[in-house]
Amino acid sequence: MPRWDDRPADEWIAEEFLHNAPRGRRLLAVDGADPARSARFADRLAAAIGADAVRRSVGAVDEATLRGETIEPFRSGTLAGAEGADTVLLVDGQCLFDDAVRGVWHFSVWTLAGDELPHSGASVIVDLSDEAAPVRYFYDYCAIPPSVNRAGLH
């Protein structure tokens with residue numbers, strides 16, 4: 001696939017995110033089929049965002065736990081290490097794009113490698129087949145079978 005930017009995907013995704021959400025308390029999610037790969041990319045993305053980024057790994061979490069232990073404390077400014085007015089909370093985990101919580105994020109990244117299908121609810125898809133050189137992946141969502149696509153997005 002031709003690349004329009006020679007920088008690694010984490011750098012220009014951070015730039016795109018900060019351009020679209022330059023100030024305030026912002027929430028960014030990274031999810032994918034391989035939780036360890038997603039966490040490593042989230043670390044890279046946090047480094048690219050810079051000092052305003054605060055990282056949390058939540059694992060496979062249900063809506064109530066995610067909201068009660070991470071999202072609401074962040075929004076209220078009581079999440080440890082994330083008290084600043086312009087903080088970006090960058091969360092990696094599983095089930096972060098489920099319908100119940102998909103709307104809490106200002107921006108979302110789905111990571112994949114190989115023949116995995118992307119999540120149609122993500123803001124950005126990143127191909128991590130070569131983790132040293134992540135690449136933005138553009139997918140034809142019309143090609144996702146309705147049986148695996150989010151309702152309303154096929």
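Author: Here are a few terms, each set against its definition. This is a predicted model, where local features need pLDDT of at least 70, side-chain atom pairs count only at pLDDT 80 or more, and totals for chains, interfaces and linings use all residues. Residues are numbered from 1 along each chain as its sequence is written, and side-chain values use heavy atoms, with hydrogens and water left out.

Reader: What makes β2 and β6 edge strands?

Author: Strands are DSSP runs (E, at least two residues), numbered from the N terminus, and helices are runs of H or I with at least four. Two strands pair if DSSP finds at least two bridges between them. The open sheet runs β2-β3-β1-β4-β5-β6, and β2 and β6 each pair on one side only, so they count as edges.

Reader: How do you know that β1 and β3 pair?

Author: DSSP needs at least two bridges, and 5 join β1 to β3, so they pair. These two strands run parallel, and L27 stands opposite L89 in β3.

Reader: Why is T70 in α3 called a kink?

Author: The bend at a residue is the angle between axes fitted to the seven residues ending there and the seven starting there. At T70 that comes to about 30 degrees, shortly before P73.
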